[in-house]
Amino acid sequence: MIEHNWLLYIAAFASAFAITLVTTPFAKWVSVKAGAIDYPKDRGVHKKPMPRMGGVAIILGFLITVLMVYYFDRSMSSRQFVGFIIGALIIAGLGVVDDIKNLPAKLKFCVQIVAALIVIFSGTQIQVVLWPVTAALQKFSIPITLIWIVGVTNAVNLIDGLDGLAAGVTGIGALSLMVLCIMTGSTTAVVLTAALAGACLGFLPRNFNPAEIFMGDTGSTFLGFVVAVTSILGVFKGYALLAMCVSVLCIGLPVFDTIFAMLRRMAKHQPIMQADRGHLHHRLIDHGLSQKQAVLTMYAISMCLGLLAIFISVKNSGTFVVALLMVIIMSFIIYYFNAHNNK
């Protein structure tokens, strides 16, 4: 029986929340000084220039908290921890430069692969051999882990289109993952997800509509990267075959929206990384919802998916069927909005 240090979990959440909340004005100042400004564009919903490097506050809140907590809790191997921190710093640095210089998509993709490989070769991998299939699949562990980390990193980045959307959805997903990590007994992953949730929610007061600052790629790619790695550290080690299902559900909104975006762009013979106004949040706005209504609707969907992931983890066949139906319904909703966009 794993003994959980609840005080440590609460401290991690509170610390990340407070640091992010306090440093957000600093991130705003840095954005202005560095020229990281988001100007109004056709596919956007804002009419005035906005500082877009608020992710600096999220990074500070998360990393400072995690480094402090690691001093007291050494349950994670030093090699894994160092690999995770180095990978996260690379993603953070990439995001900062991208928010200032607007880097090419291919370059960003390559750097993300490097960061993911550092994490993988530090010992953090999806152990395919644990799944109830032939052990021969173990040789695919590295590519599967690579696809997962890079894919989730970009999925969170792609939904960052409305005030408070990425921060709120990721915060909800992190809290769902935290509960699952508590159930699997991975104390390190609980701390990481608690800190991530705290950093997300600490950023919301100045990012929710009407926003004072955007998180930019600095924040969105960092959040995606951390979610991907913490899910491997916690959830994948506990549920084997169900791990992919519950992990995808926890962050189902960005994952499904990204998949449909890629399919849509392929059907229209466009580059799959090309930005457009075809995402679900754009469609909700185009169908008459306000920014707040669209964001709150997507929060509600994220909460439902997170709860379903938790219910599934108890291996109840009835809740699994309900979850499957919910996923199918959500897929049709996203498809409906995308189909109407293409007409």
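## Exercises on helix packing and ring pairs

Phe 13 has 27% relative accessibility, so it counts as partly exposed (buried is under 20% relative accessible area, exposed over 50%, partly exposed in between; 1.4 Å probe, protein chains only). The model is predicted: local features need pLDDT of at least 70, side-chain atom pairs count only at pLDDT 80 or more, and totals for chains, interfaces and linings use all residues. Residues are numbered from 1 along each chain as its sequence is written, and side-chain values use heavy atoms, without hydrogens and water.

**Exercise 1.** Are Phe 62 and Phe 84 stacked or edge-to-face, and which helices hold them?

*Solution.* 
- Their ring centres are 6.2 Å apart and the planes stand at 85°, so the pair is edge-to-face.
- Phe 62 belongs to helix α2 (residues 55–72) and Phe 84 to helix α3 (residues 78–101), so the pair ties together parts 22 residues apart in sequence.
- Phe 62 has 0% relative accessibility and counts as buried. Phe 84, at 0%, is buried too.
- Ring pairs join Phe 62, Phe 84 and Phe 222 into a cluster.
- The whole structure holds seven aromatic pairs.

**Exercise 2.** Describe the packing of helix α6 against helix α13.

*Solution.* 
- Two packed helices are described by the angle and the distance between their axes.
- The axes of α6 (residues 165–184) and α13 (residues 291–312) come within 9 Å and cross at roughly 10°. Axes are lines fitted to C-alpha atoms over the stretch in contact, with angles from 0 to 180 degrees between N-to-C directions.
- That makes α6 roughly parallel to α13 (angles under 35 degrees).
- The contact (heavy atoms within 4.5 Å) includes Leu 165, Gly 168 and Val 169 of α6 and Val 295, Met 298 and Tyr 299 of α13.
- The contact residues divide into 12 nonpolar, four polar and no charged. Ala, Val, Leu, Ile, Met, Phe, Trp, Tyr, Cys and Pro count as nonpolar, Asp, Glu, Lys and Arg as charged, and the others, Gly among them, as polar.

Terms used:
Helices (H or I, at least four residues) and strands (E, at least two) are DSSP runs, numbered from the N terminus. Angles under 35 degrees count as roughly parallel, over 145 as roughly antiparallel, 65 to 115 as roughly perpendicular and the rest as oblique. Rings of Phe, Tyr and Trp (its six-membered ring) pair if their centres lie within 6.5 Å; planes under 30 degrees apart count as stacked, over 60 as edge-to-face and the rest as tilted.
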